[in-house]
Amino acid sequence: GSEKLANLNIAGIDPYVDFYNVMTYDFHGGWENQTGHQAAMIGDANNYDVTTAVSVFEEAGVALNKVVLGAPAYTRAWGGVEDGGTFGYQQSGTGAAAQGSFEAGVYDYKDIVTDVVTGQTNLYWDDDNKAAFVYHGDEWSSIETTATIAGKAAYVQEKALGGMMFWALSNDAEVELSLIETADDILRQGVSCMAAVENAPEFDYI
């Protein structure tokens, strides 16, 4: 968040830093009582989004090829969430009420994407925030997909950032559903972003 970064003298420390792994995720999570995107690209009401975080480094005069964009291979989830006319987005809920893969309120991406592919949950695209989420029953979860990672990789290319980093390898899926492999395909192997999007699980609702 920009108010956290404001505590750092970025311009002062920059000569001593080779690169910045920017944690552009965990912007929202089950420690809050309202659902929200944990890694939206734009448009967060509190400026908790990717483009705002990167702009802090840009405005501090940091060479953008030192800025490495972070992305999560896990979800932030809430349970007890009503639809509220927004498919559960920005509705009340608690992280403790979402079972999770290894702790309440946190699912491995590989577990959730399996439910998406097999049709056990619906996948939504929020075009205002350029972010994905799933909603099934009373559980709402912010999620990355290979399509959202393709969009972030395109942003990395457009801004000439230093690349991408992920937390964590063990949360990722494999082969064509892998978030990390998708980023590698685009940023290192020359695969087009559109090709990656076309191979991604389709959104059920936009």
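**Cavity.** I looked up which elements line the largest cavity: strand 6, strand 7 (139-143) and helix 5 each supply at least two residues of the lining. Helices (H or I, at least four residues) and strands (E, at least two) are DSSP runs, numbered from the N terminus. The model is predicted, so I noted its limits: local features need pLDDT of at least 70, side-chain atom pairs count only at pLDDT 80 or more, and totals for chains, interfaces and linings use all residues. Residues are numbered from 1 along each chain as its sequence is written, and side-chain values use heavy atoms, with hydrogens and water left out.

I searched the whole structure and found 1 cavity of 30 Å³ or more. A cavity is a set of points, on a 1 Å grid over the protein atoms alone, where a 1.4 Å probe fits but cannot get out; a pocket is an open set with protein on both sides within 12 Å along at least five of seven lines; lining residues have an atom within 4 Å of a point. The volume of the largest cavity is about 60 Å³, a volume being the space filled by probe spheres set on the points, which are joined across faces, edges and corners. I found 13 residues in the cavity lining, and Ala39, Ala132, Ser142, Ile143 and Glu144 lie nearest the centre. By class, the cavity lining has 7 nonpolar, 3 polar and 3 charged residues. Here Ala, Val, Leu, Ile, Met, Phe, Trp, Tyr, Cys and Pro count as nonpolar, Asp, Glu, Lys and Arg as charged, and the others, Gly among them, as polar.

**Helix 5.** I followed helix 5 (residues 146-159) next: its 14 residues reach 20 Å from first C-alpha to last, close to the 20 Å expected at 1.5 Å a residue. The expected span is 1.5 Å times one less than the number of residues. Among the buried residues of helix 5 are Thr146, Ile149, Lys152 and Tyr155. Buried means under 20% relative accessible area, exposed over 50%, and partly exposed in between (1.4 Å probe, protein chains only). At the start of the helix, I saw a side-chain oxygen of Thr145 within 3.0 Å of the backbone nitrogen of Ala147. Just after helix 5, Ala160 has a positive phi of about 55°.

The largest pocket has a volume of about 300 Å³. I listed 16 lining residues, with Gly1, Lys4, Leu5, Val22 and Met23 the closest to the centre. Strand 1 gives the most to this lining, 3 residues. By class, the pocket lining has 12 nonpolar, 3 polar and 1 charged residues.

**Rings.** I counted 12 aromatic pairs. Rings of Phe, Tyr and Trp (its six-membered ring) pair if their centres lie within 6.5 Å; planes under 30 degrees apart count as stacked, over 60 as edge-to-face and the rest as tilted. Tyr89 and Phe133 have ring centres 6.4 Å apart and planes at 20°, so they are stacked. This pair links distant parts of the chain, 44 residues apart, with Phe133 in strand 6 (residues 131-136). Phe133 is buried at a relative accessible area of 4%, and Tyr89 is buried at 14%.

Tyr124 and Tyr205 are also stacked, because their ring centres are 5.1 Å apart and their planes at 15°. Tyr124 is buried at 5%, whereas Tyr205 is partly exposed at 38%.

Conventions: Polar contact = N/O pair within 3.5 Å; in protein donor to acceptor, adjacent residues only side chain to side chain.
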